[in-house]
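The following note concerns the arrangement of secondary structure elements in the model shown here.

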Amino acid sequence: MGSQCNGDDFEVPEIKIKFTKLFINGQFVDAVSGKTFETRDPRTGEVIAHIAEGDKADVDLAVEAARQAFDHGKWPRMSGYERGRIMMKFADLIEQNIEELAILDTLDAGKLFTLGKIVDIPGTVQLLRYYAGAADKIHGETLKMSREFQGYTLKEPIGVVGHIIPWNFPSTILFFKVCPALAAGCTMVVKPAEQSPLSALYYAHLAKEAGIPDGVLNVVTGFGPTAGGAISSHMDVDKVSFTGSPEVGRLVMEAAAKSNLKSVSLELGGKSPLIIFNDADVDMAVDLANTAIFFNKGEVCVAGSRIHVQEGIYDEFVKKAAESAKKLVVGDPFDPRVNQGPQVDEGQFERVLKYIEHGKREGATLLTGGRPCGDKGYYIEPTIFTDVKEDMLIAQDEIFGPVMSLMKFKTIEEAIERANNTRYGLAAGIVTNDLNIANRVSRSIRAGSIWINCYFGFDIDCPFGGFKMSGFGKDMGLDAIDKYLQVKSVVTPIYGSPWL
């Protein structure tokens, strides 16, 4: 069983919450309705701050500001080099405020503070600098026409973009979307998750300080059905980029279709398999499997929640996986010794516990964990089920919590079939020392990212996005900029040319 720290011998940094209002057209403003909502600390369930609750009226104002900034403002009309310089300044300012931003994401989303300081927030800085460097390298093509025409293409910014952000990586995923859109010359309205709005408002403040013109980056905090729905159905939004559940992704697409047929990109759920073959190093495989599902308390869209182990090493793997999970320390995410913090909120906490009960009822064997941890906050023990069948809910549904489903397989064919036996297709892991197995299985699994002998193989230069019901469109890499551009063909006749 994971032990919970008592919280007496580490320091929780203090912070004053500076930004709680909507950010529209370069100003922090109250919601038109005057309403606010509570954002709570998942470590205790206590209220951190009251945040302006934006809805359709506020989205209308934000979109109007973004439209003015796009149609008449400087940002799309700057050279890519100039945009890049401002984005670099934005990155520098974030770098100067890493500690404070990491505190906000820990308070709001229960993320490990130490990792926030060394991974999440520095990652946003790296994303900004990467796309700042790409901003002046957006080129069209000269076309070789078959008739007496001269043709070329222009890559133009798509316009006003709505970004709808999830709560599990409030900073990282915000910048997955904002950076390429800024580089392309778009303007935008950002709707952070209601569970984790604090850092997005702080970033808006830093964006203004960096010199991003008013109206280019607007932040409307609020709820999905109201603020998110208003963005998706707005007649003056040209594109929506959404990360979240397939159920909500469907609503976003529906609203886009019913309004102005705006372009949509979706990064949705996952039920990612990790396939471990007989020739694998068992200790390495255990470390990968535990990282794949227990990292960020399982609140990861690509979490390796289905672990398929070949029968030759299955028993050894099960024993070592249980021992490893029991050593994980669950507790306050500000404590540097802690491996796993609380689930993001009470709703997610209850949802995960319900799935654990489902697993027991359906006949899976609870190997370790399975219970709440501590007497306050939303902590759950790292949980492993064995004897999991393909048709069980815990093997099919995205739980988004620290729950591993362990399954045994015999042949490569069976492993491939099981890996693909899901409506999702976001990522998969393969652990083997056999190059032929690695090549065959990686080409056979229908998923957007395949990681061989590693997991969470993310890199800023590597496109990330799903197949099947995990969505479409890529974040990261240069592919991400294409989502925020549209291609225009320009053709003129040529007369008397000696060649075509």
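1. A crossing is left-handed if the near helix is turned anticlockwise from the far one by less than a right angle, and right-handed if clockwise. By that criterion, α3 passes α4 in a right-handed crossing. Helices (H or I, at least four residues) and strands (E, at least two) are DSSP runs, numbered from the N terminus.

2. The model is predicted: local features need pLDDT of at least 70, side-chain atom pairs count only at pLDDT 80 or more, and totals for chains, interfaces and linings use all residues. Residues are numbered from 1 along each chain as its sequence is written, and side-chain values use heavy atoms, with hydrogens and water left out.

3. The axes of α3 (residues 98-109) and α4 (residues 113-134) come within 9 Å and cross at roughly 115°; axes are lines fitted to C-alpha atoms, for helices over the stretch in contact, and angles run from 0 to 180 degrees between N-to-C directions. The two helices are therefore roughly perpendicular to each other (65 to 115 degrees).

4. An open sheet of 7 strands has the order β16-β17-β18-β14-β13-β19-β20, with mixed pairing; two strands pair if DSSP finds at least two bridges between them. Its edge strands, β16 (365-368) and β20 (449-452), each pair on one side only.

5. Strand β19 (residues 427-431) runs parallel to β20 and is joined to β20 by 4 bridges. Ala427 has Ser449 in β20 as its bridge partner.

Technical notes. Angles under 35 degrees count as roughly parallel, over 145 as roughly antiparallel, 65 to 115 as roughly perpendicular and the rest as oblique.
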